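Here is a set of questions and answers on one structure. Take a look at it before reading on.

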Amino acid sequence: LLAVLAMLILGLIVALLSPMGEIRFARTGSISEGLHVSKIAELIGTIGWGQYIIALVILFVAIIIFSIITTILSLIRSSVGLALVITPLLTVFTARFYTLIYEQGEQQPAAM
């Protein structure tokens, strides 16, 4: 039971840090920068942990709703092709959403 609890906590930490790490890696081209946990946590701190978690929850809810609609439409049309067309749109939306969050943390306040 203790191992399962530890695994859930570690999974939650990875789920919170990995989207920003992936974007950091893509922007810098350096794997070590993408794995630099303290810099990622600092970036999320700039955004605000509460705001960041709320954004991820909103994205999760949007993905669930989108998936339900896609499943219902696929059942009605009896076609897998619909999912093959719509799923890339969800992937692009998710990537853009993460990027906008990352850019919000990257913005520095104007010098006085």
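**Contacts, core, pockets and salt bridges**

Leaving aside neighbours within four places in sequence, Arg24 is in contact with Gly29, Glu33, Gly34, Lys39, Ile40 and Tyr102. The model is a predicted one.

Q: Is Arg24 buried or exposed?
A: Arg24 sits in helix α1. Its relative accessible area is 13%. Buried means under 20%, so Arg24 counts as buried.

Q: Which residue meets the side chain of Arg24 in a salt bridge?
A: Side chains of opposite charge can pair when their charged atoms come close. For Arg24 the N to O distance in the salt bridge is 2.5 Å.

Q: How many salt bridges does a search of the whole structure find?
A: Another joins Glu103 and Arg27. The search of the whole structure gives a total of two.

Q: How far apart are the closest N and O atoms of Glu103 and Arg27?
A: Glu103 is partly exposed, with a relative accessible area of 27%. Arg27 is also partly exposed, at 40%. The two form a salt bridge, and their closest N and O atoms are 2.8 Å apart.

Q: How many residues apart in sequence are the parts that Glu103 and Arg27 tie together?
A: Glu103 and Arg27 form a salt bridge. Glu103 lies in helix α5 and Arg27 in helix α1, so the pair ties together parts of the chain whose separation in sequence is 76 residues.

Q: Which residues does Thr99 contact, leaving aside neighbours within four places in sequence?
A: Thr99 is in helix α5. Thr99 is buried, at 18% relative accessible area. Beyond its sequence neighbours, Thr99 is in contact with Ile23 and Arg27.

Q: Which residues does Ile23 touch, not counting those up to four places away in sequence?
A: Ile23 belongs to helix α1. With 11% relative accessibility, Ile23 counts as buried. Its contacts outside the sequence neighbourhood are Tyr98, Thr99 and Tyr102.

Q: How far apart in space are Ile23 and Leu2, C-alpha to C-alpha?
A: Ile23 is in helix α1. In sequence, Ile23 and Leu2 are 21 residues apart. In space, their C-alpha atoms are separated by 32 Å.

Q: Which residues touch the most other members of the largest nonpolar core?
A: In soluble globular proteins, nonpolar side chains tend to be buried together. The largest nonpolar core here has 13 residues. Those touching the most other members are Met20, Ile40, Ile44, Tyr52, Ile101 and Tyr102.

Q: Which elements give two or more residues to the largest nonpolar core?
A: The core holds 13 residues, Met20 and Tyr52 among them. The elements that each give two or more are α1 (2-28), α3 (37-47), α4 (49-77) and α5 (81-106).

Q: Which residues does Met20 contact, leaving aside neighbours within four places in sequence?
A: Met20 is among the core residues that touch the most other members. Beyond its sequence neighbours, Met20 is in contact with Ile40, Leu43, Ile44, Tyr52, Tyr98, Ile101 and Tyr102.

Q: Which element gives the most to the lining of the largest pocket?
A: The largest pocket has a volume of about 200 Å³. α1, α2 (31-34) and α3 each supply at least two lining residues. The top contribution is seven residues, and it comes from α1.

Q: How many charged residues are in the lining of the largest pocket?
A: The lining includes Ile13, Ser18, Glu22 and Phe25. Eight of the lining residues are nonpolar and three are polar. The charged count is one.

Q: Which element gives the largest share of the lining of the second largest pocket?
A: This pocket has a volume of about 160 Å³. α1 and α4 each give two or more residues to its lining. The largest share is six residues, from α4.

Q: How many nonpolar residues are in the lining of the second largest pocket?
A: The lining includes Leu12, Ile53, Phe60 and Tyr98. No polar and no charged residues are present in the lining. The nonpolar count is ten.

Q: How far apart in space are Ala62 and Thr94, C-alpha to C-alpha?
A: Ala62 is in helix α4. Ala62 is partly exposed, at 29% relative accessible area. Ala62 and Thr94 are 32 residues apart in sequence, and their C-alpha distance is 9.6 Å.

Note on methods
Residues numbered from 1 in each chain as written. Predicted model: local features only at pLDDT ≥ 70, side-chain atom pairs only at ≥ 80, totals over all residues. Heavy atoms only, no water. Core = buried A, V, L, I, M, F, W, Y, C linked by side-chain atoms within 4.5 Å. Buried < 20%, exposed > 50% of the residue type's maximum accessible area, 1.4 Å probe, protein only. Helix = DSSP H or I, 4+ residues; strand = E, 2+ residues; numbered from the N terminus. Contact = heavy atoms within 4.5 Å. 1 Å grid on protein atoms, 1.4 Å probe; cavity = no way out; pocket = protein on both sides within 12 Å on 5 of 7 lines; lining within 4 Å. Points joined across faces, edges and corners; volume = space filled by probe spheres on them. Nonpolar A, V, L, I, M, F, W, Y, C, P; charged D, E, K, R; others polar. Salt bridge = Lys/Arg side-chain N within 4 Å of Asp/Glu carboxyl O.
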